Amino acid sequence: MTLDTIDLRILNLLQLNAKLTNKDIAQKVNLSPTPVFERIKKLEKLGFIEKYVAILNADLLEKSLTVFCNITLKEHTKEIGNQFVKDIKSLTEVTECYNISGDYDFLLKIQVADMKAYQNFVLNRLGEIQNIGSAHSTFVMGTIKQSYLLPII
């Protein structure tokens, strides 16, 4: 489906602030609230809007250490890969997981309180997952840019 400029503007506004009311959005896109409501429902139904979330402050919630962990599997079979994915999805500390190409098989983003918590995670949670050949960790010293916005307009 092709989106028109109003749909794209609505999506962009919702990316910036998902708590905007239909009335607020309507004023910004020069429509009345009812067509805005209908467009948003259509965008949700078609899957352009997957869900609405709150972005939390990791420091205030004592999850301020961000670690990127490159994983290589020992073996590459469908069953092993599927089991790894299932196991990773169950780890709450893993906030993102990507299947990647290159020297590693997966890239994990992990959020924990501190280095001691990360050590505990590696030894007691990640270490329990079968068929991990190697894990290489990179620790974030500071966040320069973090955006959840897709560049659509």
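These notes go from the whole chain to the cores and then to one residue.

**Ground rules.** I am working with a predicted model, where local features need pLDDT of at least 70, side-chain atom pairs count only at pLDDT 80 or more, and totals for chains, interfaces and linings use all residues. Residues are numbered from 1 along each chain as its sequence is written, and side-chain values use heavy atoms, with hydrogens and water left out.

**Fold.** I counted 5 helices and 4 strands. These are DSSP runs, numbered from the N terminus: helices are H or I of at least four residues, strands E of at least two. I read the order from the N terminus as α-α-α-β-α-β-β-α-β. The radius of gyration is 20 Å, well over the 15 Å of the globule rule for 153 residues, so the chain is more spread out than a compact globule. That radius is taken over C-alpha atoms, and the rule is 2.2 Å times the number of residues to the power 0.38. I noted principal-axis spans of about 55 × 40 × 25 Å for the C-alpha trace.

I found 29% of the 153 residues buried. Buried means under 20% relative accessible area, exposed over 50%, and partly exposed in between (1.4 Å probe, protein chains only). Of the contacts (heavy atoms within 4.5 Å) between residues at least 6 apart in sequence, 65% join residues at least 24 apart.

**Cores.** I looked for nonpolar cores, meaning sets of buried Ala, Val, Leu, Ile, Met, Phe, Trp, Tyr and Cys residues joined through side-chain atoms within 4.5 Å. The largest has 19 residues, and Ile71, Phe84 and Ile110 are among those with the most contacts inside it. Strand S1 (65–73), helix H4 (78–89), strand S3 (106–112) and helix H5 (115–124) each supply at least two of its residues. S1 gives the most, with 5. Apart from this core lies another, of 14 residues, including Ile10, Leu14, Ile25 and Ile49.

I then checked Ile110. Beyond four places in sequence, its contacts include Leu65, Val67, Cys69, Tyr118 and Phe121.

**Ile153.** Is Ile153 buried or exposed? I noted 64% relative accessibility, so Ile153 counts as exposed. Ile153 sits in the segment after strand S4 (132–139). Leaving out residues up to four places away in sequence, Ile153 touches Leu8, Arg9 and Asn12.
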